[in-house]
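Q: I would like to learn how to read a few local features of a protein model. Please take them one at a time, with the general idea before the case.

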Amino acid sequence: MSERDTICALASGQPPAAICIIRLSGDRIWKLAGALLDCGLPEPRRATLTRFRDEDGHLIDEGIVVFMPGPHSYTGEDTLELYLHGGPAVINHAISTLTREPGVRLAEPGEFTRRAFEAGKIDLTEAEGVADIIEAETNAQKAQALRQLSGGLTQQYDQWRAELTGILALIEVAVDFPDEDDAPEETTAPVLRKLGALISDMEAALGDRGIGEKIRDGFRIAIIGAPNAGKSTLLNRLAGREAAIVTSLPGTTRDVIEIRRVMGGQIVWISDTAGLRETEDEIEAEGVRRAQKVAAEADLRVFMVDGSAPDPGVLTSPYRLPTDMVVVNKADADLAENLPAHDFRISAKTGDGVETLERALSEFISARAASVEAPVITRARHRARLVEGLACLVAARDALELGTGAELAAEDVRMAIRHLGSVIGVVGVEDVLGAVFSEFCIGK
């Protein structure tokens, strides 16, 4: 008999709603059902209409219950779901009745999924996929989460671990027969070939420009320019509201202001930044520093130029890339004759040309997201472990090539297997479980 608490939580949205779902998982479901449901413990996997009462026999509600005995349930434990009317009074009465039973408590965020992970029903990347699909706002986020939830990442990491296990076995031959002159040479060459192929695969995965993380967290566009070029006006135009303060005074924007949009089917963060110029003002100088940081980290920079008084100095920014866009603003005013080469001419004030610019931004983001077909990295945690695993493989290769010892190479390969295993949660993840499951909502 497990000594763990039975947990319960509202698994549906916040009330009021037509229907709510209250989920329970644990060993005390049998006792709860016998005491509180008119039907007693329902027949497994069959929707049963019944009345739900408190411990004094007062009616809480009439609804549907479904019982899923462990281990063939989401958590691997006995699970009961109550489908009741979704008003606050019904929910509060139901939850308070359940948690008055000794050994029954409200679930922590993500605790149902954590129990599923601990029962071996899903691995860690699949658990993260559950969290991601709940939070998904775009079709791209949903597709990525479904792929992860269905084991798409697990398959790749398992394949790498299997190949490394084979490599480790070959290295062990050299370790076991150190005095046989021919054995090391015969075994080292295929090991180096296999290591080289794996290193290339992992380097390619790491060279994905963070597309998987960006699909999940959002792409970034930075609006860069000299003071009073119209950056904040463009941000407000793209936001459809007054997100940033706009005045005629240069240097009004001193901090980074962000808006969130869906563009090209992706989440996009668009940043308005302080005007780039030399200044003695300590606060404005900090704003310029932050603007440069945002420019360096953005996927796309939109360089704004005041068309009535162009300052081309901003176009010499060290952060400028060929894919960035140059936009001449204030097309509603008299434009100067010495305009720099530009991609778009707009009036952020009147909106003229902004729709064309917005369409180009969407096309850029869509193309960038599609540049990697199936990312195997969707979180910073995956990337960190993969970087560590790759470093171990490089060290193993160097040890074999330099002849510094097959034992060292074997240990490096073991460490690489461990790092890859920690991504899917088969080894050494105790320190990250709290962080992973804290992202979940209560009831999942």
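A: Start with a lining. The residues that line the largest cavity divide into eight nonpolar, no polar and no charged. Here Ala, Val, Leu, Ile, Met, Phe, Trp, Tyr, Cys and Pro count as nonpolar, Asp, Glu, Lys and Arg as charged, and the others, Gly among them, as polar. This is a predicted model, in which local features need pLDDT of at least 70 and side-chain atom pairs count only at pLDDT 80 or more, while totals for chains, interfaces and linings use all residues. Residues are numbered from 1 along each chain as its sequence is written, and side-chain values use heavy atoms, with hydrogens and water left out.

Q: What is a cavity, and how many of 30 Å³ or more does a search of the whole structure find?
A: On a 1 Å grid over the protein atoms alone, a cavity is a set of points where a 1.4 Å probe fits but cannot get out; lining residues have an atom within 4 Å of a point. Grid points are joined across faces, edges and corners, and a volume is the space filled by probe spheres set on the points. The search of the whole structure finds one cavity of 30 Å³ or more. The largest cavity has a volume of about 40 Å³.

Q: Which residues line the largest cavity, and which element gives the largest share of the lining?
A: The lining consists of Leu 32, Ala 33, Leu 36, Leu 37, Phe 52, Leu 80, Leu 82 and Leu 98. At least two lining residues each come from α1 (29-36) and β5 (79-86). The largest share, three residues, is supplied by α1.

Q: How is the packing of two helices described, and at what angle do α9 and α11 pack?
A: Two packed helices are described by the angle between their axes and by the distance between those axes. Axes are lines fitted to C-alpha atoms, for helices over the stretch in contact, and angles run from 0 to 180 degrees between N-to-C directions. Helix α9 (residues 231-239) packs against helix α11 (residues 354-369) at an angle of about 75 degrees, and their axes are 11 Å apart. That makes α9 roughly perpendicular to α11; angles under 35 degrees count as roughly parallel, over 145 as roughly antiparallel, 65 to 115 as roughly perpendicular and the rest as oblique.

Q: Which residues make the contact between α9 and α11?
A: Contact means heavy atoms within 4.5 Å. On α9 the residues are Leu 234, Arg 237 and Leu 238, and on α11 they are Val 354, Leu 357, Glu 358 and Leu 361. The residues of this contact divide into five nonpolar, no polar and two charged.

Q: Is Asn 329 buried or exposed, and what does Asn 329 touch?
A: Buried means under 20% relative accessible area, exposed over 50%, and partly exposed in between, with a 1.4 Å probe and protein chains only. Asn 329, in strand β11 (residues 325-329), is buried, with a relative accessible area of 3%. Not counting residues up to four places away in sequence, Asn 329 touches residues including Ala 229, Met 304, Asp 306, Leu 335 and Ser 347.

Q: Where is Val 191, and what does Val 191 touch?
A: Val 191 sits in helix α7 (residues 182-206) and is buried, at a relative accessible area of 2%. Leaving out residues up to four places away in sequence, Val 191 touches Ile 167, Leu 170, Ile 171 and Leu 400.

Q: Where is Pro 310, and how far apart are Pro 310 and Ala 229 in space?
A: Pro 310 is in the loop between β10 (300-306) and β11, and is buried, with a relative accessible area of 17%. Pro 310 and Ala 229 are 81 residues apart in sequence and 8.5 Å apart in space, C-alpha to C-alpha.

Q: What is phi of Arg 209, and of Lys 330?
A: Arg 209 has a positive phi of about 60 degrees although it is not a glycine. Arg 209 lies in the loop between α7 and α8 (211-217) and is partly exposed at 48% relative accessibility. Phi of Lys 330, also a residue other than glycine, is positive and near 70 degrees. Lys 330 is in the loop between β11 and β12 (344-345) and is partly exposed, with a relative accessible area of 21%.

Key: Helix = DSSP H or I, 4+ residues; strand = E, 2+ residues; numbered from the N terminus. 1 Å grid on protein atoms, 1.4 Å probe; cavity = no way out; pocket = protein on both sides within 12 Å on 5 of 7 lines; lining within 4 Å.
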